[in-house]
Amino acid sequence: RSLKRDNFACRYCVRSAPEVKLHVDHLVPLDRGGTNDEVNLVTACSECNIGKGSLLLSESDKAA
């Protein structure tokens, strides 16, 4: 659902498939108390998702 909602584009860098591989990212990571609820999920390219890791967006360089 989040992929379609986000028009199959990374919410952090706006690149899209097939240019990049897309993942579903947790805005608040599960290990930081996040959930699998749709409001906590966003489309992210693999590079942005891996770069963000278990950080909150405000702690990440993706917050720009």
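**Charges, fold and cysteines in a predicted model**

Me: How far apart do the centres of the positive and negative side chains lie?
Reply: This is a predicted model, where local features need pLDDT of at least 70, side-chain atom pairs count only at pLDDT 80 or more, and totals for chains, interfaces and linings use all residues. Residues are numbered from 1 along each chain as its sequence is written, and side-chain values use heavy atoms, without hydrogens and water. The protein has 9 positive side chains (Lys and Arg) and 9 negative ones (Asp and Glu), with His and the chain ends not counted. Placing each charge at NZ of Lys, CZ of Arg, CG of Asp or CD of Glu, the centres of the two sets are separated by 4 Å.

Me: Which pattern does the protein follow along the sequence?
Reply: Helices (H or I, at least four residues) and strands (E, at least two) are DSSP runs, numbered from the N terminus. There are two helices and two strands. Their order is α-β-β-α.

Me: How many disulfides does the search of the whole structure find?
Reply: A disulfide here is a pair of cysteine sulfur atoms within 2.5 Å. For C10, the closest cysteine sulfur is in C13 at 3.7 Å, too far for a bond. For C48, the closest is in C45 at 3.6 Å, also too far. The count is zero.

Me: Is C48 buried or exposed?
Reply: Buried means under 20% relative accessible area, exposed over 50%, partly exposed in between (1.4 Å probe, protein chains only). C48 has 3% relative accessibility. So C48 is buried.
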